[in-house]
Structure formats: C-alpha cells, structure tokens
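Have a look at the picture before reading on.

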Amino acid sequence: MHVQLTAIIILLILSGIFSATETAFTSLSFVQLKILENRKKRAAKLVYTLSMKPEELITTVLVGNNVVNITVSSLVTTFSIEFFSSQPVGYATGLLTLVILIFGEITPKQLALTHNMKIAVFMAYPLRFLEVVLFPVVWLLRHVSAIITSLFASHAEPTITTEGVMHMVDAAENVGLVDRYESDLMQRAIHFSETQVRTIMTHRTNVFCISDELTIRDAFPSIVKAGFSRVPVFHGSPENIIGIVLVRDILRTQLQKQMGRPISSIIREPFFVPEQMHLDDVFFRFKKTKLQQAIVLDEYGGFSGVVTMEDVAEQLFGELYDEHERRYPDRIVEREENPGTFLVMADTPFQQLVDELDLDTDACKQKTSTVAAYLLDQIGDIPNEGDVVQSQLGTFRIISMKGNRMEAVEFSPTVDDGTL
C-alpha cells in the first residue's frame, strides 16, 4: 500500500514537472531565447538549441506527460479495486482528475508562466536526456503528426514580423522600459530601410537652383537671399542639373577677388539617386561620397528633386532646425476643439501617419509616398477645398490647396458619414 501511494505521489509530481516544462519552453519569447543563447551557462544555450526544434521538444514532453498520467490513472484504479473493491473506482477517477488538474496542470503551468526562463534552464538537461531515450518513439510520432499537419497547414507563419516588433516597442513603452521619444526613435529606425527617397525629398517645384551662365557675382545675391548653403546648378533648363555650388566656395573666390568667374568654374560634381532608393542606401552613399546633397531622378531620368543628409537624419530624429531656418508646425496635430480629428500636412510621409496614429496595417498594404499621393490614388482626380474622401483608414477632408497641390487635410481615423 505504501509503495503504491508513494508511486502515485511521485507520478503526480512528474506530471506537474512535465506540464511546467511544456509551458516554460512554449512561452519563451524570441527576446528571451536570444538572451539565453548569449549566456555563458551551457544549460541556457541548451534551452535555445532545444527550442529551435519545437516539434521534437513538444513531442518528447507530451509523450512523457501522457505516459505519467496514464500510469498514475492505472495505479489509482488498481489501488481502489485492491483495497476498496470496485465500487469507489468512479469516485477515485473523479478525484484523480481534480488532483491532476490542480497539481499536475493548472498550478505548474501558472508557475511556469511566471518563471519560464528559470524552469527551462533547470529542465534543459533532463529533457535532452529524455529526447535521446525516447528518440524512436518521438521520431515515429513526429513524422505521423507532420503528415497529418501538412494536410491542413501548407506553410508556417513567420515568428517575427515588423508588426510584431512594433507591438513589442509599444509594450515596452506601456510598461515604462522606454520613454515616448525612445519608442518613436525605434519605430522610425524599423521603417528607415523601407522608406524611399521620394517620400522625403524636396520636390523640384520647391528647389532653388541657378543657371551655369551666371557669374559668381551675379549669382551671389540670390543665393544669399535664398539662404541655402548648397545650390544645384543647371545648364540650359532647370531639368538638366550639372552640379552643386557650395557657399563656402563662393566665399573663397570672394577672398581671392575672383567674383567675375562663371559659376560653372566652382561647381562640384553631384551624385544622382533614383526616387525608389531606400534611405539606408542613400545614407551610406552620403558617407561614401562625403557629400551632403543628392539629386533625385525619376524613372525617366528627369530631375525630380533634391535630398540632403539632414532630410535623412530627420527620419530618425524628427525635424531639425538651424539658427536661420523657419520653424514649421508639426505635420500631424490633434485638434483641441475636436479630439480624435487631426490636422495633417499633405506632404507628410504616409508611413509617418500610419505609425503615429497606429492605423490598421491591413488597410495600408499599398506602397505610397505621402498623404497627398495616397489621397490622389483614392480620388483619381485633382480635389477641391472641402472635398471629403472616405478610405479604409478613415475620413479625410481637404482643408487647403495651393493651385493644384494639396497643402493640408483634416483626418478622422473613424469612418463616418462625412461630417467632421
């Protein structure tokens, strides 16, 4: 009798251990696995190795857990019949089910969720030993299960996605691990390599440039008035950019009293980038060429605009202003008089709108550069002030136009009947 009771208690403890082990390993996040991989303890590294083969891991644990539960159930049944006849078997089975649920399933799994890393490390070597011992059984069951699974799931979903990382950053901000600025910086960094140059460039209609036929003396007043330290130079037509002139080179010629020279004599050779180039590539090109400005070309090789190192840096750190630069309002501002409605500059990068307002990513699959470009895709025509556009993201109203170009829109993430 004592032997049987002792065996039942030991088996119940093993059931709890298997349940805790299963939950501990399956609840390990990607970040926790990387932490364990980089630890010096061999057991921690073994946890990472075991977790990289989830099919073998789960099958081994389930085989062990089921063998223990079936064995303890048989022992309890035998014990009841031997000492209390067959009548209390039903009661014993019900009691055993309750005990297994409390001490073999629920409690161990709750503890494992709280201390998953510690339990996983503690059970790494015993679990590895079981994998070796039960290898034939595990191999057979795993392959049978794989055949059945393949009938219903052709491919596994990725465990790490951009959306998942963004949610992790938001969660870290919510629990206070990072502040709002750090959270915004990490989210911008995630999208940095996905953003194209055309999203942040200064369009050619807003670019100040000068002709190569001017002398330095003639060009200097207009350059000073424009307030730029680097100015594109064109030949014949503003579409044909042949170089970039630096203000410091003009000042050098002024000291040398050579202001009568043509501006073309001091221009520097530009480097060109396509509109579709991503910001990480542009950034490394800037570092390689040691230049601060690039000429952006469209798909036809025509002049599309300019982009600077400052424009690229602003995608990570937000708007940067120098001593003489006019400070513009934020691109996305919530209206105080109407909470939930936002005033958005039309040239705001579309991805910035999605990130800052946490919009539905399923509705934002299309590739577009700015809010204005998104609305033009939705409308298919030149809008007028006051026009309302309903989209999957919400409701837009055109607030101001400059000629045929949108300047500002009002946006409500909730789709309504058009009355903002």
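What follows goes through the cores, the strands and the aromatic rings.

## Before we start

This is a predicted model: local features need pLDDT of at least 70, side-chain atom pairs count only at pLDDT 80 or more, and totals for chains, interfaces and linings use all residues. Residues are numbered from 1 along each chain as its sequence is written, and side-chain values use heavy atoms, with hydrogens and water left out.

Helices (H or I, at least four residues) and strands (E, at least two) are DSSP runs, numbered from the N terminus.

## The cores

Let's begin inside. A nonpolar core here is a set of buried Ala, Val, Leu, Ile, Met, Phe, Trp, Tyr and Cys residues joined through side-chain atoms within 4.5 Å. Buried means under 20% relative accessible area, exposed means over 50%, and partly exposed is in between (1.4 Å probe, protein chains only). The largest nonpolar core has 29 residues, and Phe25, Leu28, Leu36, Val47, Leu50 and Val72 have the most contacts inside it. At least two residues of this core come from each of H1 (2–26), H2 (30–37), H3 (42–51), H4 (54–84), H5 (89–114) and H6 (116–133). H1 gives the largest share, 7 residues. There's also a second, separate core of 21 residues, which includes Phe342, Ala372, Tyr374 and Ile398.

Among the buried ones are Ala43, Leu46, Val47 and Leu50. What does valine 47 touch, leaving aside its neighbours within four places in sequence? Its contacts (heavy atoms within 4.5 Å) are Phe25, Leu28, Leu36, Ala120, Val121 and Ala124.

## Strands side by side

Two strands count as paired if DSSP finds at least two bridges between them. Strand E6 (residues 293–297) has 4 of its 5 residues buried, so it is largely enclosed by the rest of the structure. E6 pairs with E5 (residues 272–274) in the parallel sense over 3 bridges, and proline 274 has leucine 297 as its bridge partner in E6. Leucine 297 in turn has phenylalanine 303 as its bridge partner in E7. E6 and E7 (residues 303–308) run antiparallel, joined by 5 bridges. Their hairpin has 5 residues between the strands, and glycine 301 takes a positive phi near 85 degrees there.

Elsewhere, 3 strands form an open sheet with mixed pairing, in the order E2-E3-E4. Its edge strands, E2 (210–211) and E4 (241–246), each pair on one side only. E3 (residues 230–234) and E4 pair in the antiparallel sense over 5 bridges, with arginine 230 opposite leucine 246 in E4.

## Rings that meet

Rings of Phe, Tyr and Trp (its six-membered ring) pair if their centres lie within 6.5 Å; planes under 30 degrees apart count as stacked, over 60 as edge-to-face and the rest as tilted. The whole structure holds 6 aromatic pairs. One of them is edge-to-face, because the rings of phenylalanine 283 and phenylalanine 284 have centres 5.8 Å apart and planes at 70 degrees. Phenylalanine 283 is partly exposed at 29% relative accessibility, and phenylalanine 284 is exposed at 53%.

Phenylalanine 350 and tyrosine 374 are stacked, because their ring centres are 4.7 Å apart and their planes at 25 degrees. This pair links distant parts of the chain, H15 (residues 350–356) and H16 (residues 371–379), with the two residues 24 apart. Both phenylalanine 350 and tyrosine 374 are buried. Phe350, Tyr374, Phe396 and Phe411 form one aromatic cluster.
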